[in-house]
Amino acid sequence: MTSRRDFLKLAALFSTAGSLPLLQACGRRAEQQPDAPLTIGYLPITDATPLLVAHARGLFAEQGIQVAKPVLFRSWASLVEAFLSGQVNLIHLLSPMSIWARYGSGSPIKVVMWNHMAGSALTVAPDVRRIADLSGRTVAIPFWYSIHNVVLQQLLRAEGLQVVERTPQPGEVRLAVMAPADMVAALAAGTVAGFIVAEPFNAAAETKGVGRVLRFSGDVWRDHACCVTLMQERDIQTRPQWVQGVVNALVDAQAFAAEHRRETAALLAKSGPNRYTPHEAAVLEQVLAPSDAAWARYREQGIIRHPEWAQKRIDFQPYPFPSYTEALVAMLKQTHIAGVNRFLDTLDPAFAARDLVDDRFVRSAIERGGHRERFGLSGWTRQEVIAV
C-alpha cells in the first residue's frame, strides 16, 4: 500500500497541475537565494554512491562548492517532491523516471551525467531456477518507471510470459510495485517469487539465504545506466560555473569509487562516520567488491551469460551516451507501465536524448580530470547491446 501511495503521489507530481505549485515554490527559493549551497537528496541505496562519496571525501569543497549534509529520503515520491520544490538541488533518479518528470509534467530538470552503471539484479526464491518458473507468480519491482521494469519485461517477453497486474494465470507474471526495503522480507515470506531492484537488497537476500540471483541487469543490457544525476535547469542557466564544480566533484567521486571499492563500501555503511545508509559494510562490499571466487560461481552457474562483457556487479562511468536515452525511450514504449503515460506515444527518442540531457559539464569534467582512459571512453558514441 505504501508503494501504491508513492506511485499515485508521483503520478500527481508528474502532471502539469501537480508540479506547478512545487515549481513556483522552487522559483521563489531561487529568487530569494540565487547562490544557495548545494543540497543533496538521496535514497539509501548504492545508486547514491557518487553523491555520498563526493560529500564524504570533501570533493565539493575542493571545487569551492559549499555543501550541506546530504538529506536521506525514504521514497522516490518524497525525493522528487523535495527536488521540484527546491528543498534539494541535486538528486539521483531512476533514468526512466527522469523521462517521466521531463515529459509527463514539463518539469525544468536536466540529466547532467550518469550516476552509475548496472548495480541491479533479479533475485528469486530458491525453487526458481529459470525465468519460465515465474509463470503464474508475482515479482516485485521498485517502480513502473525503472530500468528494472524494462529489463525484467525483456526477460519475461523472451520466455513468452505476459505481464499482468491482477492475480496471474499460467503463462502470466504479476508485477507489483514494492519498496526495496520490503522486498527481502516478502521473498522470505513467499509473498513474491522474486524481485528486481538496485543493490544492496539482492546481496542482502543472498546473505540471509532467502534468495538467489537469477540474472544481473548488466548482463542483459551491457553497461546500462540505472540512476542518473539531476539538476535544475535554472541552475544550469544562471550559475553554470557552480554546476561545473558540482559535476567535477561527482566525476572525481566516480573515479574514486571505481578504484577504491572496499573503502567506498565502508564510507556508505551504517558503521561509517556519516552513517549514510542502514546497510552492513560486508553486504555493501559484496556488491562493490565481490570476490573473484564469487564472480566465477556466477559464471559457472549460468547466472552470467555474457562473461565477454566483463561486467561489474556495479560500475561507474559518468558519460550519458545519447544512444542509451534513445534506446530507453523506444523500450519504454513497448513496456507495460501502470497509469496514464500517453506522453510516450509522441515522444521522439532522438529528441529526448538531445533535450533531456546536457552533457557539456560532464565532458569537461572527464577531460579536466584525465578520466577518459579510467572510464574506458574512446569516444562520445556507442552502440547499445541488449541480449537476454
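Figure 1. A118 is placed in strand 5 (residues 117-118), where strands (E, at least two residues) and helices (H or I, at least four) are DSSP runs numbered from the N terminus. Although A118 is not a glycine, its phi is positive, at about 55°. The model shown here and in the other views is predicted, with local features needing pLDDT of at least 70 and side-chain atom pairs counting only at pLDDT 80 or more, while totals for chains, interfaces and linings use all residues. Residues are numbered from 1 along each chain as its sequence is written, and side-chain values use heavy atoms, with hydrogens and water left out.

**Figure 2. The cis peptide bond between E199 and P200.** E199 and P200 are joined by a cis peptide bond with an omega of about 15°. P200 itself belongs to the loop that runs between strand 10 (194-198) and helix 9 (201-208).

**Figure 3. The two domains and the interface between them.** The domain assignment of the protein chain, with bounds that come from an automatic or database domain assignment, divides it into domain 1 (1-116 + 225-278 + 315-386) and domain 2 (120-223 + 300-310). Domain 1 contributes 32 residues to the contact and domain 2 contributes 26 residues, contact meaning heavy atoms within 4.5 Å. The C-alpha centres of domain 1 and domain 2 are 25 Å apart. Between them, domain 1 and domain 2 bury about 2500 Å², of which 68% is on carbon and sulfur atoms; buried area is the accessible area (1.4 Å probe) that two parts lose on being put together, summed over both.

**Figure 4. Polar contacts and the domain 1 side of the interface.** Eight residue pairs, with both residues at pLDDT 80 or more, are in polar contact between domain 1 and domain 2; a polar contact is a pair of N or O atoms within 3.5 Å, where within protein one must be able to donate a hydrogen and the other to accept it, and residues adjacent in sequence count only if both atoms are side-chain atoms. On the side of domain 1 that touches domain 2, helix 1 (2-13), helix 6 (95-104) and helix 15 (322-332) each supply at least two residues, and helix 15 gives the most, with five residues. The residues of this side of domain 1 comprise 22 nonpolar, six polar and four charged, with Ala, Val, Leu, Ile, Met, Phe, Trp, Tyr, Cys and Pro counted as nonpolar, Asp, Glu, Lys and Arg as charged, and the others, Gly among them, as polar.

**Figure 5. The salt bridge between R261 and D315.** R261 and D315 form a salt bridge in which the closest N and O atoms are 2.9 Å apart, a salt bridge being a side-chain nitrogen of Lys or Arg within 4 Å of a carboxyl oxygen of Asp or Glu. Because R261 lies in helix 12 (residues 261-268) and D315 in strand 13 (residues 314-315), the pair ties together parts that are 54 residues apart in sequence. Across the whole structure the search finds 20 salt bridges, whereas across the interface of domain 1 and domain 2 the rule finds zero.

Figure 6. An open sheet of five strands has the order 2-1-3-12-4 with mixed pairing, two strands being paired if DSSP finds at least two bridges between them. Its edge strands, strand 2 (71-72) and strand 4 (109-114), each pair on one side only. Strand 3 (residues 90-94) pairs with strand 12 (residues 227-232) in the antiparallel sense over five bridges, and L93 has V228 as its bridge partner in strand 12. Strand 7 (residues 137-141) pairs with strand 9 (residues 172-177) in the parallel sense over five bridges, with L175 as the bridge partner of V139.
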